[in-house]
Amino acid sequence: RSRCARRFAGEDDQRRKVLPPSEFPDTPDIAADLSSLLLVLLVCVTYATISPLIMLAGLVFFVVRWGVLAVRYLYVHMASFDSGGAFWYLLLDQALLALVLGN
């Protein structure tokens, strides 16, 4: 068969090679990302009464961080597992605790 036919059938394309999870190039550290976001949320909410401009700095941080994490998780990293939302409950509890401590 010609190279064009092999490529169309997917036999010649190296980009579609499926790697086992043990050989993934890089997996993101979700716990470190979430803990840094929660720390910034806690600091912003805690000091918002003293200095309201910190909320603006927090907004800028979260917008920039959202863009960076979106690109990282969508285009850079290949996840070796899917937690199925297991981090959500922990994240929600800690975010609510940060809001309570801020008030």
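This is a predicted model: local features need pLDDT of at least 70, side-chain atom pairs count only at pLDDT 80 or more; totals for chains, interfaces and linings use all residues.
Biologist: How many aromatic pairs does the count come to?

Modeller: The count comes to 1 aromatic pair. The pair is formed by Phe61 and Phe62, whose rings are edge-to-face, with 5.4 Å from centre to centre and 75° between the planes.

Biologist: And how exposed is Phe61, and how about Phe62?

Modeller: Phe61 is partly exposed, at a relative accessible area of 31%, and Phe62 is partly exposed too, at 29%.

Biologist: What share of the residues is buried?

Modeller: Of the 103 residues in the protein, 14% are buried. The protein exposes about 8,200 Å², and carbon and sulfur atoms supply 67% of that area.

Biologist: Let's look at H2, then: which of its residues are buried?

Modeller: In H2 the buried residues are Asp33, Leu34, Leu37, Leu38, Cys44 and Val45. Seen down the axis of H2, these buried residues fall within an arc of 130°, so they line one face of the helix.

Biologist: Why would residues a few places apart point the same way?

Modeller: An α-helix has 3.6 residues a turn, so residues three or four places apart point the same way.

Biologist: What do the buried residues of H2 pack against?

Modeller: They pack against helix H3, residues 53–76, and helix H4, residues 86–102.

Biologist: How does the span of H2 compare with what its residues should give?

Modeller: Helix H2 covers residues 30–46, and at 1.5 Å a residue its 17 residues should span 24 Å, which agrees with the 24 Å between its end C-alpha atoms.

Biologist: Now H4: which residues are buried, and which are exposed on the other side?

Modeller: In H4, Ala95, Ala98 and Gly102 are buried, and because they fall within an arc of 55° seen down the axis of H4, they line one face of the helix. On the other side of H4, the exposed residues are Ala86, Tyr89, Asp93, Leu97, Val100 and Leu101.

Biologist: And what covers the buried residues of H4?

Modeller: The cover for the buried residues of H4 includes H2.

Notes: Residues are numbered from 1 along each chain as its sequence is written. Side-chain values use heavy atoms; hydrogens and water are left out. Buried means under 20% relative accessible area, exposed over 50%, partly exposed in between (1.4 Å probe, protein chains only). Accessible areas come from the Shrake-Rupley method with a 1.4 Å probe; for residues, only the protein chains shown count as cover. Rings of Phe, Tyr and Trp (its six-membered ring) pair if their centres lie within 6.5 Å; planes under 30 degrees apart count as stacked, over 60 as edge-to-face and the rest as tilted. Helices (H or I, at least four residues) and strands (E, at least two) are DSSP runs, numbered from the N terminus. The expected span of a helix is 1.5 Å times one less than its number of residues. The arc is that of the directions from the helix axis to the C-beta atoms. Contact means heavy atoms within 4.5 Å.
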